[in-house]
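Colleague: I am new to reading structures. Could you take me through this one, feature by feature?

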Amino acid sequence: MASKELKQFTPEEVAQHNKDGDLWVIIDAKVYDLTRFKDLHPGGAAVLIDDEVAGQDATEAFYGLHRHEVLERPQYARLQIGTIQGESSVIRARVPGQLSKVPFAEPTWLSEGYYSPYFKESHQRLQQAMRQFVDEVIYPDAQAREEDGKRPSLEVVHKMAEVNIHAMRMGPGKHLKGLTLMGGIVKPEEYDYFHELVITQEFARIGARGYGDGLNAGAVIGLPPVLNFGSPELKARVVPEVLSGKKFICLAISEAFAGSDVMGLKTTAKKSEDGKHWIINGTKKWITNGTFADYFTVGCKTEDGFTVILVERSEGLETKAIKTSYSPAAGTSFVTFDDVKVPVENTLGPEGGGIFVMLSNFNHERWVMCCTSARSQRSIVEECLKWINQRKAFGRPLSSQAVIRSKLAAMIARVESVQSWVENVTHQMNNMSYKEQSRKLAGQIGLLKMYCTQTAQETARDAVQIFGGRGITRTGMGRFIEHYHRTIAFDALLGGAEDVLGDLGVRQAMRNMPKNARL
């Protein structure tokens with residue numbers, strides 16, 4: 001269908017259409033005929049007629065109340081009848097894949113004129129490809145599924161598999177050998193944790209927390225124990241199914257009885273009489289992706305202590321959805337095991353050695369959450385900077401108020417410090433073996449995650465204050481702020497509670513204190 005031809009008008013011509021039955025406005029050099037729309041206007045027709053908007057340039061009034069995306073919706077775009085002669089639109093939606101020009105909206109290494117000792121050309125190429133992919137493929141699905149609560153579309157999962165994004169989210173390793181990563185822009189042998197950081201932080205930009213967890217977060221935390229501790233036969237069967245998006249996996253550790261206290265878990269695994277199977281009984285709670293998972297990486301109490309076992313969905317295993325503060329798209333579930341029979345070959349690591357399996361896995365999980373937190377906080381900073389630049393209060397822009405600038409200063413300082421710490425830890429991971437990471441970085445990452453989630457909650461609170469009532473409204477100008485504030489507590493709990501992780505960091509430091517250290 002051919003687009004309609006738009007006429008050009010002068011401001012004086014538009015000004016003549018300022019009545020109830022003949023109502024035009026100017027928004028960003030574009031002319032809109034609101035005559036038929038006025039009675040459908042969410043704020044009522046009086047706002048358009050009585051507030052001296054009719055026939056006038058309403059750009060400032062519009063952007064004080066609405067997001068730019070409103071003008072791009074078909075039902076509103078068709079109201080445009082022309083443009084202002086001699087003027088051109090200034091405000092445009094961000095092009096998919098494009099970097100933001102808003103100060104501090106991108107990490108320093110992506111900002112023009114800045115430098116980084118960590119990121120190379122391959123990281124730049126991957127970031128550009130991922131930004132395009134997220135904006136065009138993932139973001140539209142994320143917004144729709146976050147709203148309707150359905151699981152992420154399988155079409156998106158399969159498109160991710162086609163370019164091996166699922167595999168890259170597992171970090172560097174042998175599982176990447178022979179794969180074509182993101183169309184070949186990064187080679188498997190050069191892939192490192194900074195590449196994974198890029199992928200994780202691009203995902204975080206979607207601003208849909210439940211969907212983000214639903215988009216195979218279960219695999220990010222549930223598959224590494226299989227990759228690192230599963231038998232060759234088990235890996236050969238399970239890993240390709242998960243990385244191709246044909247089957248789904250989750251991590252099942254937390255219980256109603258114990259969360260961060262892993263050794264307090266009550267789910268049991270006992271050997272069958274012939275010694276060939278585990279018989280598992282118990283429950284797990286708050287299991288991300290559990291409602292649609294095919295495999296469950298389960299922590300169990302065994303005769304030898306604590307053991308991790310890969311359990312396939314089978315007779316005796318049931319899942320039930322749990323309603324939480326974020327979208328059901330995450331697939332959060334309550335899992336019951338009633339005499340579930342599992343081959344002993346599904347044991348991950350040695351019997352009784354599950355604590356090492358999980359501690360090494362927790363490091364990666366918590367690091368991923370830190371990467372996500374840093375980027376999510378940055379998105380909130382960008383939202384706030386845009387808002388204070390366009391919103392007027394008491395006749396002046398919000399940016400003119402010192403108290404508002406003070407809040408933004410603190411938000412920017414927090415996000416920059418978080419990103420810097422994340423990059424430092426990532427550099428250490430790149431130069432340590434998996435065992436070294438477990439030994440040296442558990443406390444460091446624990447402290448980092450505690451700091452990330454504490455700063456995130458401060459930023460969420462400040463953002464709501466900056467947006468006011470819009471910051472607690474699930475639609476419109478403050479919808480991303482409301483969503484962030486409502487779901488931020490997840491980060492402070494998942495992967496280990498703040499207080500527990502802070503204590504872990506200090507305890508590890510105390511174990512490494514020199515015996516001769518004195519004041």
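**Reading the sheet**

Modeller: β3 and β4 pair in the antiparallel sense, over 4 bridges. This is a predicted model: local features need pLDDT of at least 70, side-chain atom pairs count only at pLDDT 80 or more, and totals for chains, interfaces and linings use all residues. Residues are numbered from 1 along each chain as its sequence is written, and side-chain values use heavy atoms, with hydrogens and water left out.

Colleague: Which residue takes a positive phi in the hairpin of β3 and β4?

Modeller: D28, with phi near 55°. That hairpin has 2 residues between the strands.

Colleague: In what order do the strands of the sheet lie?

Modeller: The order is β1-β5-β4-β3-β2, in an open sheet of 5 strands with mixed pairing. Its edge strands are β1 (7–9) and β2 (18–19), each pairing on one side only.

Colleague: Which pairing is parallel, and which are antiparallel?

Modeller: β1 and β5 (residues 80–84) are parallel, over 3 bridges. K7 has G82 as its bridge partner in β5. β4 (residues 30–33) and β5 are antiparallel, also over 3 bridges. β2 and β3 (residues 22–27) run antiparallel, joined by 2 bridges. There, K19 stands opposite D22.

**Reading domains**

Colleague: How is the chain divided?

Modeller: Domain bounds come from an automatic or database domain assignment. The chain has domain 1 (7–84), domain 2 (110–215), domain 3 (246–358) and domain 4 (361–512).

Colleague: How many residues of domain 1 are in contact with domain 4?

Modeller: Contact means heavy atoms within 4.5 Å. By that rule, 7 residues of domain 1 touch 10 of domain 4. Buried area is the accessible area (1.4 Å probe) that two parts lose on being put together, summed over both. For this pair it is about 680 Å², with 39% from carbon and sulfur atoms. On the domain 1 side, E60, G64 and R67 lose the most area, together 63% of what that side buries.

Colleague: How do you find the holes?

Modeller: Rolling a probe the size of a water molecule over the atoms shows where empty space is left. On a 1 Å grid over the protein atoms alone, a cavity is a set of points where a 1.4 Å probe fits but cannot get out; a pocket is an open set with protein on both sides within 12 Å along at least five of seven lines; lining residues have an atom within 4 Å of a point. Grid points are joined across faces, edges and corners, and a volume is the space filled by probe spheres set on the points.

Colleague: How many cavities does the search find?

Modeller: It finds 3 of 30 Å³ or more. α14 (354–390) gives the largest share of its lining, 3 residues.

Colleague: What about the second largest pocket?

Modeller: That pocket holds about 460 Å³. Of its 17 lining residues, G173, K174, H175, L227 and N228 lie nearest the centre. α13 gives the most to this lining, with 4 residues.

Terms used:
Two strands pair if DSSP finds at least two bridges between them.
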